[in-house]
Structures are given as structure tokens and as C-alpha cells.
Amino acid sequence: MKRLTFLSVVMLLLAAFYASGQELKLNDLEYFETQGVNVLVYNNLFTGGFNDEKTAGIEMIHHGVRTSQGGAVRLSNTPEQWDLVPAISNRKVDRASQTIEATLRYNDYDFDSRVVVTARGKGVEIAVYLDKPLPKALEGSAGFNLEFLPSQYWAKTYLMDGRPNRFPRYVVGNTITRPNSEKLKQFKGFVTSDDRGTGKFIDPLPLETGRTFLLAPDEPERLIKITSQDADLMLFDGRMLAQNGWFVVRSLLPAGKTGKVLTWTVEPNAIKDWTREPNIGFSQVGYLPSQPKVAVIELDKKDKPITSASIYKIGDDGNATKVFGGNIVPWGDYYKYHYVKFDFSSVNTPGIYYIQYGDFKTNNFLIDNSVYNKITDATSDIWIPIHMNHMFVNEAYRVWHGEPFKDGYLQAPPNSDHFDLHAQGPTTDTKYKTLEKIPGLNIGGFFDAGDFDIETGANIGVVQNFVQTWEYFKPLRDQTFVDQKQRYVDLHRPDGTPDVLQFIEHGTLNLVAQAEIIGHMTQTLSNAVLDNYHHLGDAASLTDGLPYNPELGPYEVASDGRSSGVKDDLWAFTSRNPGLDLRAATMFAAASRALKGYNDDLSARALQQSKRLLKEATELLANQPQDSTGRGGGSANMATNLQLYIATGEKQYIDKFQELLWPALELNVNFGLLTALDAIPHMDASYKEKLGPYVLKYKEYIDGLEKDNPYGVPIGLRNWAGGGGVVSFGTTICFASKHFPDIIEASHAFKTTNWLFGCHPYHNYSLVATVGAARPKAVFYGNNRADFSFIPGNVAPGILFRQPDHFENYDDWPFLWGQNEGTIGGNTSYLIFGSAFKNLVK
């Protein structure tokens, strides 16, 4: 009886589906569109560097959410990130025939296919053509895949040839193992899994098989029908091999055939008269009584803006009272949506409020002089200490991680390629032999991001951010116990020393060790094997903690328990980069000042390495071309000379700084202005006067952003969302308004806080974990991402742009690093911005 009732409901929904559909048409932006449905065909390509980022191929934006991607000929049932991806070329758009065609090529197998997508009524036909039969090596492996976002489908139903089932919330299914000889190669020969000596790999089996597949017949916003004329449709769960996998619908390509070898029809449901709900952008943290208060409302272009909005105040009795009504002011179109603004700056009485726009109201926010007081506390008290490498980190009853990498670091072999875009050159540039342990590197430093490596360049910037925070603002906040001898960190436990000073020390310890032991800076201290690079969990369990011993067999542990035959040790990539050495010299000079009087020995060592690296790197760069911006070492040289002048007072350094500064500002005022502002306290009045015209140029840039987009901030449009640029913009404004208040208005800094805390495209959640208590983002790409959680204080890169007109930030799926991965560099940049901003609003 229950089955009949379910099927009856399904039939009613399907009847509505067939009745309500609107035809898809090829639009001017070269994708198929009807209201509520966009089908993109290779508008976004697989990048190659990080391979399958789940942001490419044939994609569907379904009622405002990108729920499907990865549509392409692929070589496995459930592609992992480092599986081979096709190079896509020869994309052709034929408006007359309503067709988009592209050629897909796998160079490793000399295999080409053509995918042709054609508008067909409510949906599209996807056809695969082969000019030559499948290569023998790809028979039974090559197929057409289309992937669906698990968080938008789990717990919803599906029908395969009429058989009902439900998408699993957590991966559950069957697998088999097959000999490694049958596994196709992965990117550059890397291997994503450790077979533990079995010689076999895991191959997931399909959850269902059939010819007609209906996704989410119980949910009209997600209902899609897929039919295949030529081959079975198979449903796989990609999470079987990787937590970031998607549901995969797949058909194998036939062996021995050419021409049109596979045809699918894909029909996404378009709800009749659907319009996207308004996204009312505002600061979840709240507002100062005296600051500008402007909500930016993002509207479907089909949605007619109403003329006014209101502010309601929640009283002591819990009842809401309207306290302000104001006009809606149009801003205009920006990519896919239309934008209007609502100014409620005149509301200045402290209290609890919400915005009402038509039938839509926001969650509550505060107006009070204290709203920004704690915006950096979660970052400094929790996120940063959790990312201290080579330490045991405890919080109350919870251990965040044990002491990682007791086994140390091995010298990376020459000509080593790396899956995280590093490489070891033809020589080691050190005295150490290939795979020889380099003693003393497992000290200090910070995890880079959602992984556990030490990116040297990032760590250099991190220490500089800490030093700048310390020297400008002297934060005495002490909420973290740090003991370098015990290698122990305990959160929420004061130890009598300002936390920022201990962070400077911790970062400097690793970087000084690199300079002293190796003689220069490494590129990175990172994983040697891919199967532990994607490790999720306790960093201390990433390796076995035992140095690799080539005399032992695989997985064998020495009788004395002090070494093993497991090749899991991390490598030091040591190719010398004089530009990186110059950046380190800058950092060491600054750290030396900050550490003086706290750790005098480390301060002296840092200054010694700063002078040595500056001299050696400058000599190495003497025969390398540098442009007038100072890029490729010159900009670091500019900042290095400033920091060395501040540390030593020697005239030669400040003369060189000015020699490099002014040409750089002439070429691009955005590029060097913050460094120029840093110098003001150490220069005479004529320097500040000379800098004035460049600050005027920066004001023109600020004014231009007001016309560029409705938020008035620099919005990034690349594969990594532009939150870092917005934070840097805010920091520059804070310092520019301090030194040039007659040119740069301090109120521009509120644009950065508004953006970070909820006034941005796609949704209105705070991009800083736990900051904006009413509605911060719920999931982030941190090292606990498999738990669909966050580390407090993490700052997401933000709103990712997908070509040609779509912004997004998933808050139910953490695994897209370009929009959800906080980094040590980005989060400490937020720390310096937050400190400067709080100082500004005082």
C-alpha cells in the first residue's frame, strides 16, 4: 500500500514535470537556458594542475544551484581528483542548430572523442562521437559521466526503470578489488591509494543500472530525467573512493564502433514561473551605530523589485516593531542578477534588528558599539594554534592533533615532480643525498591550509603578518598555552605571554632552521606520496612517525622500533629560489625586531640570516632580468630593504628601498602602496608628501569599484575566490586613511567587513567561521572537512566565479577549496586587517 501511495505521488509530480517544462534555448553567453535551468557546455575547463576540481565539463545550474558538473568522457566509474581529465578544444557553438560541440582528448592514450550537446525541448541531447574505435586499453573503461552534488540529493528518492530507491546520506555500497595491472594510469603516474602490498585496487560497483533514470522525483527543484538509447545508465557513489566524490551517472562507450556511439537525453525540471528568492546581503556581525548601513539585495532578473524595505527592532518583550522604512535604490545588473540597495544608516539606536523586504526577512543582527570587538578572537585563539605544526594541540576534552612528523624530512630526489605543483630541480642544491634525512627541520612552522605541509612562501608571509600585528597594535591577548620544550599547545589557557609573540616565535623557528641547516629556503616541506597528501584526520597519523629505512621491506618495522619500511616520510624540496630567499630576508629582519627581549637568541639568529640571504640572493639575481615593478624578487627586495633599514638604521637599505618604490608605484599603485604606507613612521615629512599623489590614484581606484560592482570591493573572477583581495583592500584603506584622512575616508573599510560578514552574492552567510553568530557558514575546507564542519576562525576564500556569469559558495558541501579553504596566509592577513580595522573604529 505504501509503495502504491509513493508511486502515485511520483506520477503526479511527473505529470506536473511534463506539463510545466519550458524549452531550453542557446543564449548569448553560449549556454542553454530557460528560467530556473542553465546547462553549461565546457564553459569551464579542467585545469590540469589540480585536475578534477568538480568545477568543469558539462554543468547544470538548477534553480540557482550548480548541482551537476563533470559531464565528459571519463576513464573510470568514480573519477578521483588525480585521475586523468580530457583536454578540451575546438569548442563550436552553432546557434542555427542550437548545438555546442567540443573535442575531448586524452594524450596518454592518443584517444579523441567529440561531445555534441543539442537543445531538445525541455532538455538537451548529449551525443558522443568517435572517429576511430576505442583504444584496446580503454575498452570497458571509457564512458560518458555526469556527476551530481551529493548534498543536494542525499535522502531524496530516485527511480531507475521505475524501481524506487533513495540516495544515501553516507556512502554505503559494494566494491570489488582488481589487479593493479588493470588500473589505468593517473595524473603523471601518481597513485591516490596505498594498496598495502596487496597489488590490487578498489573498484566501486553501481548502486543501480537501467535505461531511464529519474533523480529526485519527490523534489521538483532537483528533478531530472536521464534516458539512454544505446547503453545502460549506471549510478555510482563517488564517495566510495574519496570523501569529495559526487554521485556519478555513467554509460560505457562500446568497443569497436565509430560514429555516434552514445546518446543521452537529459531533462531538468523547470518549475513554472520560478524566480530565485532575494538574497538580502547585510553584515551578520552587525553595525556600529554611527557607521554607514547599506544592504545589497540580489534579485532574479525576472523578479520585479519592490519600492521599499523596512527595519524591525526586537524589543525586551520579544515582539518586533517597525522602526524605519526606506526606499529601494536600483544599482543595476551585475552578471546573472539584478541589484538594488537599501540604506538604513539613520537607524543608530543599539539593539537587535532584522530587515524586511516584501515577504522576506533576514535573521537578526545587532547595532552596538561593541559588534567588532571580537571579530579576530576565534582566528587567533583557535584556528591559528590548531595549525601549529610539530606540536601536540589540545582543547579541553578534545585533541586536535598529536605531534606530527617525528620522523622528520627527507631530501627530495632531483627532478621530482609533485602533485601540489612543486618540483625539485636537477640538483638538490644542498649537501644532502637523495632521501637522506635532513635533521632539525621538524620544528615550528604552520600547516598551510586544509592539508599539512609547510609552504615556505606562505609561512614567510605569515610571520610578517604577525610581526606587523605586533608592532602596530601590540595585542596582549593571551588565551593559548605554548611550550616549545614540551611541544604542547593548550587552547583557552593563558600562559603569561602574548599569543602573537609566541606565533612569531613558532613560525621563525622553522624558517631559521631551514636557512641554517640547508643554507637557503626550501620551496616546501611536503608529502612524498599522494595517498597521504589527501589525508583527513589527525596530522600525527599521516605518517607512522618512524624514519624510512630502505633496508627494510615494505611495511616492515625494525626490531628496535625506531624505523620502518613505509615510504610515508615527508620530503624537503630544496631547489634554491633567490626571490624566495629575499622574501625570507625581509621576514627575518622584521621577526628579529619583534623577538628582541623575548627570545634574544632567535632574534640574533634571524637577523644574521636576513643579512646573509639578502647578500647571497642579490648576487644570484644580478644576472636575472627584473622588471620595473620589482616582481620576481624585486618587490621582495623593496620590502626587504625597508625591513632591514627599520632593524639596523643603515642608510644603504633605505636608499635602495626608495630606488625601487617609486617606479613600482608608477606602474601599479595597488601593487606597492601598502608597503609604501608601512614606511611612513620611519621616514621624514618629504616622503609622505611625495606619496600623496599615489594615494590620490588609489582613491580613484576605490571610486571605480563603486561603478564596477554593487559591493564596491575588488571581486575576484578566477579559480580561487577573491576574498584575499578584499581583505588586502580593507587593510590598505585602514592604513591609508590613518596617514591620509583627507584623501581616503575610513568608511570605505566597512565595505570589507560587510563583504566578509554577509553582504555578498549567492548567500548572506558570514565567510568567517563562528563570526556572525546568527548565520556564519557551516562548513569549510579544513582538515576536518570530512566531518562537514569547520575550525572556528577560518576565513573562506569566498564567492567563487564560474564562467560565464555564475557566483557560488557552497555551504552544504565543503570540498571545493577555491571557495571554502582557509589558508594560514589568508587567515593571518585577516588577523592584520581585523586588528587594523578595530583600531580604526576606536
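**Close-ups of a predicted model**

**View 1. Strand 4 and strand 5 side by side.** Strand 4 and strand 5 (residues 65-74) run antiparallel and are joined by 4 bridges. Strands here are DSSP runs of E with at least two residues, numbered from the N terminus, and two strands pair if DSSP finds at least two bridges between them. Across this pairing, M60 stands opposite S68 in strand 5. The hairpin of the two strands has 2 residues between them, and H63 takes a positive phi near 50° there.

This is a predicted model, where local features need pLDDT of at least 70, side-chain atom pairs count only at pLDDT 80 or more, and totals for chains, interfaces and linings use all residues. Residues are numbered from 1 along each chain as its sequence is written, and side-chain values use heavy atoms, with hydrogens and water left out.

**View 2. Strand 4 under cover.** Strand 4 (residues 58-62) is mostly covered, with 5 of its 5 residues buried (under 20% relative accessible area, 1.4 Å probe, protein chains only). I58, M60 and H62 point one way, while E59 and I61 point the other.

View 3. Look for V39: its bridge partner in strand 4 is M60.

**View 4. Strand 8 beside strand 9.** These antiparallel strands, residues 111-120 and residues 123-130, are joined by 7 bridges. V117 has I126 of strand 9 as its bridge partner.

Notes: Buried means under 20% relative accessible area, exposed over 50%, partly exposed in between (1.4 Å probe, protein chains only).
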